[in-house]
Amino acid sequence: MITFLICLLALALGYVFYGSYVQKVFGPDDRATPAVTMADGVDYVRMPRWKVFMIQFLNIAGTGPIFGAIMGAKFGPVAYLWIVLGCIFAGAVHDYFAGMMSMRCGGADLPMTVRRYLGRGVAGVLTVFSVFLLLMVGTVFVYSPALILDGICGSRLMWVGVIFVYYFIATMLPIDKIIGRIYPLFSFSLLFMAVALFAVLLVRWPSLPELWHGLGAPVQGGGGISLDDVFPALFITIACGAISGFHATQSPLMARCLDSERHGRGIFYGAMITEGMVALVWATVSMWFFYCQPEPGYTQIASAVDGAGSQAPLVVSLVCSDWLGVAGGILALLGVVAAPVTSGDTAFRSARLIVAQSVGLDQHSKIRRIYICVPLFAASLLLLMWQIENPDGFNTIWQYFGWGNQTLSVFTLWAITVYLARRRKPYVITLVPALFMTAVCSSFVMVSPNALGMSSVAGYVAAAVVCAVFAALFFRWKMRLGVDADGSGVSE
């Protein structure tokens with residue numbers, strides 16, 4: 001528990017000090033934002049800052065900081081380090097620049113921003129990649145809530161249909177009509193649940209593994225966590241609680257709704273730090289379940305399910321109902337059902353806007369929104385049918401989403417690094433995270449049994465070569481641009 005409290009404090013201090021530094025590096029000013037200059041009443045809509053924060057938090061969070069932290073807790077206290085360091089130095093920086101660069105580019109989506117800084121070819125690949133990733137998010141978050149609601153009332157197919165219809169309506173309507181009205185409520189429920197669980201943890205004060213006891217926690221039956229167990233699996237498993245490429249597709253949504261650049265740090269950097277705090281709470285709760293045996297909880301999970309992925313929803317349900325009573329049960333339903341649903345509808349909305357910008361189709365008209373929504377939802381329906389018919393469909397899609405999600409962050413971090421280098425800014429603040437995430441994603445492809453399946457040594461060497469190539473290409477470009485060694489260079 002001491003490690004948990006120290007990590008919470010570290011996140012708060014990270015927002016105050018490193019967040020201020022990152023904001024200074026970007027240099028927000030008083031220029032008019034796209035929400036003012038490009039207001040269209042559909043996607044470019046000015047909204048109060050508190051509402052933008054709540055929507056941004058729910059957009060990037062959903063069940064990510066809950067399920068990811070629960071599954072990542074099996075790695076032990078090293079999960080704390082990744083959440084804290086990942087949030088402060090990678091995830092929050094990634095989200096902040098993704099939102100602020102979008103604002104400076106007229107509310108451009110991620111592929112358009114990447115096109116400007118990494119070139120047309122990379123942007124083309126990223127457009128296809130991000131749209132497919134968003135379709136996977138939307139599809140997964142149609143079926144998983146339906147599975148949960150199936151046991152409460154109505155049939156599974158009925159809920160699939162209801163959620164699908166809701167997605168279509170929410171994707172079509174102006175952002176302030178549904179998203180702007182109900183998202184703050186669901187955001188509050190997630191935050192309230194985390195605060196309530198934090199209070200219970202303080203009261204119960206469970207005995208948990210601390211960092212000074214070792215980074216890896218002992219597993220059931222003895223033994224420990226090795227480097228091969230942690231890298232790169234931990235950094236793929238805990239994504240939304242540390243850094244997530246999906247966030248870069250969501251930040252532009254709120255970049256179109258802010259009326260001042262100076263609010264960006266609180267919205268983009270702040271929402272990610274808040275998500276990290278939620279992830280810390282759930283990681284701590286999970287460690288109580290996994291490592292404080294024979295306390296109630298561990299034996300229930302061990303006997304009821306197999307595999308960490310299946311444990312996550314059960315942990316949420318058991319903790320909320322046992323610790324928080326009836327109110328906890330309601331919050332669990334909101335957290336496990338409403339959160340993925342709200343992530344799904346903004347995923348489809350982002351996909352619509354990315355496709356629209358790539359083909360140059362204005363979205364002010366309803367009929368033009370329909371032109372894009374119909375094929376998007378048709379593709380999602382086909383993917384959903386495959387997922388339902390395939391017994392392992394959910395796990396298969398989720399595995400690809402996990403890797404694709406972090407790979408998307410690699411594109412974004414490299415684009416930000418180029419952006420900073422062009423403007424005589426200290427690009428090292430994103431170069432280091434970019435290289436690290438490149439190593440994570442490339443090593444996962446190398447060593448994963450579902451990919452190339454190389455040995456650990458060979459896979460790590462190959463990943464190091466990939467990182468070296470990326471670094472060499474960047475510094476070669478920088479030299480051609482006339483950027484000198486300390487990070488200075490010509491501005492655009």
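A residue is called buried under 20% relative accessible area, exposed over 50% and partly exposed in between (1.4 Å probe, protein chains only). The views below show a predicted model, in which local features need pLDDT of at least 70, side-chain atom pairs count only at pLDDT 80 or more, and totals for chains, interfaces and linings use all residues. Residues are numbered from 1 along each chain as its sequence is written, and side-chain values use heavy atoms, with hydrogens and water left out.

**View 1. Leu420 in helix α17.** L420 is buried, its relative accessible area being 0%. The residue belongs to helix α17; helices here are DSSP runs (H or I, at least four residues), numbered from the N terminus. Although L420 and F26 are 394 residues apart in sequence, their C-alpha atoms are 8.3 Å apart in space.

View 2. Among the buried residues of α12 are F246, H247, P252 and M254.

**View 3. The largest cavity.** A cavity is a set of points, on a 1 Å grid over the protein atoms alone, where a 1.4 Å probe fits but cannot get out; its lining residues have an atom within 4 Å of a point. The structure holds one cavity of 30 Å³ or more, and the largest cavity contains about 50 Å³ of space; a volume is the space filled by probe spheres set on the grid points, which are joined across faces, edges and corners. Its lining consists of A98, M101, L110, T113, V114, A248, P252, T412, A415 and I416. Two or more of the lining residues come from each of α5 (78-104), α6 (110-118), α12 (246-255) and α17 (393-422). By class, eight lining residues are nonpolar, two are polar and none is charged; Ala, Val, Leu, Ile, Met, Phe, Trp, Tyr, Cys and Pro count as nonpolar, Asp, Glu, Lys and Arg as charged, and the others, Gly among them, as polar.

**View 4. A salt-bridge network around Glu261.** A salt bridge is a side-chain nitrogen of Lys or Arg within 4 Å of a carboxyl oxygen of Asp or Glu. D29, R31, R104 and E261 are linked in a network of such bridges. E261 is buried, with a relative accessible area of 2%, whereas R31 is partly exposed at 43%. The closest N and O atoms of E261 and R31 are 3.8 Å apart. This pair links distant parts of the chain, 230 residues apart, with E261 in the loop between α12 and α13 (264-291) and R31 in the loop between α1 (2-26) and α2 (34-37). E261 also forms a salt bridge with R104, at 2.6 Å from N to O. Since R104 lies in helix α5, that pair ties together parts that are 157 residues apart in sequence.

**View 5. The Asp43 and Arg352 pair.** D43 and R352 form a salt bridge whose closest N and O atoms are 3.0 Å apart. D43 lies in the loop between α2 and α3 (49-61) and R352 in helix α15 (residues 308-359), so the pair ties together parts that are 309 residues apart in sequence. Both residues, D43 and R352, are buried.

**View 6. Backbone features in two loops.** The peptide bond from F231 to P232 is cis, with omega near 0°. P232 is found in the loop between α10 (227-230) and α11 (233-237). R424, in the loop between α17 and α18 (428-447), has a positive phi near 55° although it is not glycine. Most residues other than glycine have a negative phi, and most peptide bonds are trans.

Conventions: 1 Å grid on protein atoms, 1.4 Å probe; cavity = no way out; pocket = protein on both sides within 12 Å on 5 of 7 lines; lining within 4 Å.
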